[in-house]
Amino acid sequence: MHQSQYSFTTSPSALVQVAEIASRYKGRQDKLMDVIIAVQKIVPSLAEDVAAVIAREMGLSQNHVYSFVTFYEYLSVQPRGKYMIRMCSSAPCHVRGAKDVMDTITEMLGIKIGETTPDNRFTVETCPCLGICDISPAIMINDKVYGDLDPERARELIKKYIREDI
Ligand code: FES
């Protein structure tokens, strides 16, 4: 475990909720993924204190919990925004203007790919093919898919998310 990666602290009330969720699955290593998904809705990051509580309540080692988390690329140990924007960077989307769409989005939000806005609302990442090449260039925002984007459409879409008009 790399201590330097864990500079985030979690509120005591969030840790109580994490403990409450994890304690339902004591001894159920097979339920760790479900617990992590549920916990991610409560905490901004899967920090060391969160992993420790999950491990304690489920009766697992903290290293096991951390290794499990990092195994899944999309479960980052970095803080993530309320809205996770994933931009497909595979060839079909790329040739249909994905870079212009991405540049528009990152410019609007004032962050680079891989970063989260200071208000913790938006994180932007690239990802491999989303499997919806017929509507490329495409992005996902949380679990919603948006395709046939161009800079103008992307701008309108992000404006809606900024206004939470979605
Ligand atoms: S290449 Fe972008 S969705 Fe398939």
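The structure is a predicted model, in which local features require pLDDT of at least 70 and side-chain atom pairs count only at pLDDT 80 or more, whereas totals for chains, interfaces and linings use all residues. Residues are numbered from 1 along each chain as its sequence is written, and side-chain values use heavy atoms, with hydrogens and water left out.

The protein is divided into domain 1 (3–71) and domain 2 (83–163), the bounds being taken from an automatic or database domain assignment. Taken over C-alpha atoms, the centres of domain 1 and domain 2 are separated by 29 Å.

Helices (H or I, at least four residues) and strands (E, at least two) are DSSP runs numbered from the N terminus. Helix α1 (residues 12–23) comprises 12 residues and reaches 16 Å from its first C-alpha to its last, close to the 16 Å expected at 1.5 Å a residue, where the expected span is 1.5 Å times one less than the number of residues. Its buried residues (buried meaning under 20% relative accessible area, exposed over 50% and partly exposed in between, with a 1.4 Å probe and protein chains only) are Ala14, Leu15, Val18, Ala19, Ile21 and Ala22. Seen down the axis of α1, these residues fall within an arc of 165° and therefore line one face of the helix, the arc being that of the directions from the helix axis to the C-beta atoms. The buried residues of α1 pack against α2 (32–40) and α3 (48–58), while Pro12 and Val16, on the other side of α1, are exposed.

A search of the whole structure finds 11 salt bridges, each defined as a side-chain nitrogen of Lys or Arg within 4 Å of a carboxyl oxygen of Asp or Glu. One of them joins the side chains of Glu125 and Arg80 (2.6 Å, N to O). This pair links distant parts of the chain, with Glu125 in strand β2 (residues 122–127) and Arg80 in the loop between α4 (62–71) and β1 (83–88), 45 residues apart. Arg80 is buried, at a relative accessible area of 12%. A salt bridge also connects the side chains of Lys82 and Glu164 (2.8 Å, N to O); because Lys82 lies in the loop between α4 and β1 and Glu164 in the segment after α7 (151–163), the pair ties together parts that are 82 residues apart in sequence. Glu164 is partly exposed, with a relative accessible area of 38%, and a network of salt bridges links Lys82, Arg121 and Glu164. Within helix α7, Arg155 forms a salt bridge with Glu152, the closest N and O atoms being 3.1 Å apart, and the two residues, three apart in the helix, are separated by about one helical turn. Both partners are partly exposed, Arg155 at 31% relative accessibility and Glu152 at 43%.

Under "binding site", an unreviewed UniProt entry lists Cys88, Cys93, Cys129 and Cys133, although such annotations, given here in the numbering used for the model and with shortened feature names, may be inferred rather than shown by experiment. Cys129 is placed in the loop between β2 and β3 (139–141) and is partly exposed, at 40% relative accessible area. Leaving aside neighbours within four places in sequence, Cys129 is in contact (heavy atoms within 4.5 Å) with Cys88 and Ser90. Cys133 likewise lies in the loop between β2 and β3 and counts as partly exposed at 34% relative accessibility; with neighbours within four places in sequence again left aside, Cys133 is in contact with Pro92 and Arg96.
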